[in-house]
Amino acid sequence: MQKHKNGSFTNSLGFVLACVGSAVGLGNIWMFPYRLGEYGGAAFLIPYLIFICLFGFVGLSAEFAIGRRAGTGTLGSYEYCWASRKKGTVGKVLGWIPLLGSMGIAIGYSIIIGWVLRFLAGSVTNVVLTEDSAEFFGQVTANMKNLPWHMIVIAITVIILITGAASQIEKANKILMPLFFILFAILAVRVFFLPGSHEGYRFLFVPKWEALAKVDTWVMAMGQAFFSLSITGSGMIVYGSYLSKKEDIPKSSIQTAVFDTIAAMLAALAIMPAVFAFGIEPSAGPSLMFITIPNIFKQMPMGRLFAVIFFLSVCFAGITSLINMFEAVIESWQHKFNLQRTKAVALCGGVALVVGLFLEEESKVGRWMDFITIIIVPFGAVLGAVSIYYILGFDKIKEELEEGRKKPLPKAFQVAAKYLYVPLAVIVFILGLIYKGIG
């Protein structure tokens, strides 16, 4: 494979940090801490870690490998898989579905990160801690009331990507992701010393073993693990296309899964003990981040400082994820339409902004994200799994997976990939429809 025209990651650390940046997002922060406590505490970690290991080892590896094998991102990789069965036209069409998922999430994500940026600014000026959190959130998420911050988020992402592809993505993540971990670690340490925080640790870590006998525990653990790793049949493929043949893909996949799990645990340690320390009912989703957490900072000594640290770290996590979503679309448009990079980046940012203008209101973006994350994204992930392991075939993708490795893949890899991962990807899609979202 010749070097991608968009460049390549300089080393495995840069690649892993970029992938961690994509994987670590709002789900780690506003969903994992609540689910950990609600579905069995430490007992929840058992199924969660099982699924993280499985999806990380064979799911992420597949998407990285097909990107490197095909030498391009989403659209080109699906065409490559199906062309092996002389049905390249089918691949050309199917590739648009996961790409639509990346674009759809990017549109909604840019709006939500705009809210985060507004809360960050409000924390700096202390407005967030002096006004009622619910009222402030209502003002921010009203129709067209947060447009400047929404535009700033897209502009930041466009500026990062328009000046370069792989190199800029690597540089951004080498700065933003370590800062994210450092800032959340600072928050977790501070929260440890809050009076009454021990109840939060009990909520998180005292095992409720009976939860393992409940189907919902396994369903939510599977959904959390699947979506937390950013397995979409699109985003991780483009990062794989920027990866050197010298790099060990399965090893990098496991490293990505490990750091993603650490990020989720840091979020849990920073949030839930503080929630219990101030006697607030634990929750999940936007209300946790934008209403509950600001109410906590109001009651904390030096709350203004810690509010700034919190929303700044969430901004870092959001921007690094948004970079991946944009890049998946940009690279495919470059490949498909032979666009210059600057035009592809500008077009992607423009589409995200124009469509996002109609979704600024909380209820609208909520419905949009439900549709994208419950239907489009998991269906795209299924298409990716089937296209790689069944249409292209295990033997061909195995060649790419063993490229750069000192040892051959374990014999169990094929069984785990074809007979566990692919069926579970289908099950995740079906259960998402039944439960109206499990990610």
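**View 1. Lining of the largest pocket.** The largest pocket is lined by 40 residues, and Trp 30, Tyr 109, Met 369, Thr 373 and Gly 439 lie nearest its centre. Two or more lining residues come from each of helix 1 (12-23), helix 2 (26-30), helix 7 (96-125), helix 13 (215-228), helix 17 (303-337) and helix 19 (362-402). The model is predicted: local features need pLDDT of at least 70 and side-chain atom pairs pLDDT 80 or more, whereas totals for chains, interfaces and linings use all residues. Residues are numbered from 1 along each chain as its sequence is written, and side-chain values use heavy atoms, without hydrogens and water. A pocket is an open set of points on a 1 Å grid over the protein atoms alone, where a 1.4 Å probe fits, with protein on both sides within 12 Å along at least five of seven lines; lining residues have an atom within 4 Å of a point. Helices are DSSP runs (H or I, at least four residues) numbered from the N terminus.

**View 2. Composition of the pocket lining.** Helix 19 gives the largest share of the lining of the largest pocket, nine residues. The lining comprises 18 nonpolar, 18 polar and four charged residues, with Asp, Glu, Lys and Arg counted as charged, Ala, Val, Leu, Ile, Met, Phe, Trp, Tyr, Cys and Pro as nonpolar, and the others as polar.

View 3. Ser 332 lies in helix 17. Ser 332 counts as buried because its relative accessibility is 0%, the limit being under 20% relative accessible area (1.4 Å probe, protein chains only). Beyond residues up to four places away in sequence, Ser 332 touches Gly 73, Thr 74, Leu 75 and Leu 99 (contact: heavy atoms within 4.5 Å).

Key. Buried means under 20% relative accessible area, exposed over 50%, partly exposed in between (1.4 Å probe, protein chains only).
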